[in-house]
Amino acid sequence: MHFHHHGYVSGDPRVQPAAGTGIDRPDELPDRMDVLIVGTGPAGMLTAAQLSRFPGVNTRIIERRPGRLEIGQADGIQARSVETFQAFGFAERITAEAYAITEMAFWKPDPADQSKIVRTARTIDDPAGISEFPHLIVNQARVLDYFAEFMANSPTRMKPDYGYEFKDLTDTGAGEYPIEVTLVRTAGDEAGSERVVRAKYVVGSDGARSKVRSAIGCTLDGDQANHAWGVMDVLAESDFPDIRLKCAIQSGGGGSILLIPREGGHLFRMYVDLGEVPAGDHGAVRKTTIEQMIAKANEIVHPYTVDVRDVAWHSVYEVGHRLTDRFDDVVAEERGTRTPRVFITGDACHTHSAKAGQGMNVSMQDGFNLGWKLGHVLEGRGPASLLSTYSEERQVVAQNLIDFDKQWSTLMAKRPEEFEDPSELEDFYVRTAEFPAGFMTEYAPSLLVAAPAHQDLATGFPIGKRFKSAPVVRLCDSNPKQLGHLAEADGRWRIYVFADGAEAGAPSATAEFANWLTTAAESPLAATPAGADDDAWFDVKVVYQQAHADIDINAVPAAFRPKVGPFSLTHLEKIFGVQEGDDIFDARGISRDGAVVVVRPDHYVANVLPLTATDELADFFAPLLAV
C-alpha cells in the first residue's frame, strides 16, 4: 500500500483524503449529477466503487430499499472476482470470512441399491492452477458491504442514497444534463412523492425486472423456463458425510441436489430439483413450500438425512436464459451516429440459472468494464466513443455465459440413467473449469484491444484476456510480490515493460523505450495533466531479467522512478527483478528480447509490443486520449 507521499498518515491509510466532489458532499440527492446509478446490487455497487476514485465526477447511486441488503441470494464468488476484490483492497479480508471451495464431490445411485446414493468421484476445484486466488462462498450482502466501505473511504466519500425508486426517464437531448429522471420516494416522511433529477449518464443496475431497461426500449429475449429448483439456506443436523463439501447429488429415484456449504461453518445451501415445469403451470411451482423442499431433499440424499433446524432464506426459481440485444440506449440504426447515455448491467440485461455461480460474478465485471470508461470520459481523459465499447464487449460475454449455463443446468437436471457416460457430469465440470472461474472472457480487437500482431513476444498474456499475475521481487525492499496484485482499481492504464537482457544503465532497447516515454511528445505519458503526479494516468512498471540484488536502482531510467506528491518524492516501488525458481519470463512466455504489455484499467491485456515499437504504442493510445 502506497501512502505518506502527501505527508505523514497516522490513521487508516485506506481512508483517502476527501477531494473533488467528496469535499462538502451533500447528504441529500442533488438535482444535477454526472452519473446516476440505479440499484445497489453487485453491478451497481462495483460501478459506483470504481467511479468513487474519480474525484471530479459527481456520481450518486440510489436504492429503493430503506437501507443495506441484509440477506443476499447470490453467494458464489469465482476466482476472477477475488482478483477484482484485490484491486479494491479487500480480497484478503473477505477470503478470511468466506468458505473456500477446494474440491467437489459427485454422488450417484448405488449400483447395488438404487434407492441409496454413494460418492463416485471427488475433483479438485482448480486442477490447472488457473488462478492463485480461491473460489469462495460468501453472502452477497457482505460483498456489497465491502464495496460500500471502499466508496466511503475514497476521495468522493460516496454512499448510497436509500429510499428512492426509479420510475422513468427521458433523454431530452438538451443541455449539459440531458437525461431527465423521475424518482419516487419509498421511505421516510416523503414516501410516495415524486422527484425529477437530471444526469449526464444513467446506469440501470436494477435487476431482472429493470425499469431502466424498459425505459430505453430493451427486452429480455430467450428460452422460457422449463425446469424448477427450490433453493434454501439452512442450519441442519445431518449424517451426510460431505455436508461441508460442494456436491452434485443425483438420486436413483430421480431428482438432484447441488449442495453449497456457506461461510461460518454451519450454514449450507441446497438447490433441490423440483422437476419439469408443465405447460400451463402459471407459476404454481413457485408455491412449493419449504417443508416440501426439505422432504424432497431427504428423498434424494437417502440413506442419509437432513434435519433442518433453521431456515435463513428460501425461494423457488425456474431456469430461464434470456438476454437483451444491446446493453445501452443506442438502437441498431443509430450505431456510429451517437454515443450512449443510458446503460444497463447485470440481471437487467442477462438472466440464467444460479447453479453455475455466474450471476453476481459476471454482473460485477459488467460494472468494472463500464465504470472506468465513464470516469475517463467525464474527467476528460478519453473520448465519448469509449462508452460504445461497453455494449459491444459485454453482450458477447453474456451470450457465452448463457450458452455455458444451458449445458451445465441441462446436465444437472438429467437423471443418472440418461447419461451415456457415467462420468459425464464430473468430466464437464473439470473440462470447463476456466469458464465458470471467470477467465474465458476474451475481448475482440477494437478501439480498446489491439490485434495480436506481436502476441509471440508474451504468449502468457493473451491480448483481450485478463492479465494473469506471476511472482516477481521488488527491487527497493527485496519483497516478493505478485505483479498483478499491485494493480489497484484506480482507473489507470498499466504499461508493463519487460526488459531485454541488458543491465540497468547500459545502452539497451529498454533504456531507449524509457527515454521515449518521458520525452516524446507522442508518448501517452505526455497526456498527463500539468501539475499531476508523473504516474497519475499511467502506471509504468519494469521487470528486469536479473535477480533484484544484481540491479543498480540508481541506474534505472526515470520512467520507472516517477515523482509523486507535493514533495516530488521518487516512487521506488515500480522496479522488479525475477524470482529465483519462478522466472516470470519463462512462466508467461515473454521474449528475452523484451516486450511491452499494455493493460486496461479493468485488468484486460490491450496490447503486446516490442520495445522498439514506440510508433505503434503512440498510435494505439492516440484515439483513447483524444477528447
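Keep in mind that the model is predicted.

Let's start with the helices. Helix α2 covers residues 79-87, and helix α7 covers residues 359-378. Their axes come within 9 Å and cross at roughly 40 degrees. The two are therefore oblique to each other. The crossing of α2 past α7 is left-handed. Which residues meet there? From α2, they are R80, S81, T84 and F85. From α7, they are N361, M364, Q365 and F368. That contact has three nonpolar residues, four polar and one charged.

Now the cores. The largest nonpolar core has 137 residues. Within it, F147, W493, F498, F560, I584 and V597 touch the most other members. Helix α7 turns up again here: it gives this core its largest share, nine residues. Take V597 as an example. Beyond its neighbours within four places in sequence, V597 contacts A458, F461, F467 and F498, among others. Its partners also include R494 and N607. Another core lies apart from the largest one, with 43 residues. Among them are A121, V231, L258 and Y317.

Last, the backbone. The peptide bond from H302 to P303 is cis, with omega near 20 degrees. P303 sits in the loop between α6 and β17. Two residues have positive phi without being glycine. H4 is at about 80 degrees, in the segment before β1. R157 is at about 55 degrees, in the loop between α4 and β8.

How values were computed
Residues are numbered from 1 along each chain as its sequence is written. This is a predicted model: local features need pLDDT of at least 70, side-chain atom pairs count only at pLDDT 80 or more; totals for chains, interfaces and linings use all residues. Side-chain values use heavy atoms; hydrogens and water are left out. Axes are lines fitted to C-alpha atoms, for helices over the stretch in contact, and angles run from 0 to 180 degrees between N-to-C directions. Helices (H or I, at least four residues) and strands (E, at least two) are DSSP runs, numbered from the N terminus. Angles under 35 degrees count as roughly parallel, over 145 as roughly antiparallel, 65 to 115 as roughly perpendicular and the rest as oblique. A crossing is left-handed if the near helix is turned anticlockwise from the far one by less than a right angle, and right-handed if clockwise. Contact means heavy atoms within 4.5 Å. Ala, Val, Leu, Ile, Met, Phe, Trp, Tyr, Cys and Pro count as nonpolar, Asp, Glu, Lys and Arg as charged, and the others, Gly among them, as polar. A nonpolar core is a set of buried Ala, Val, Leu, Ile, Met, Phe, Trp, Tyr and Cys residues joined through side-chain atoms within 4.5 Å. Buried means under 20% relative accessible area, exposed over 50%, partly exposed in between (1.4 Å probe, protein chains only).
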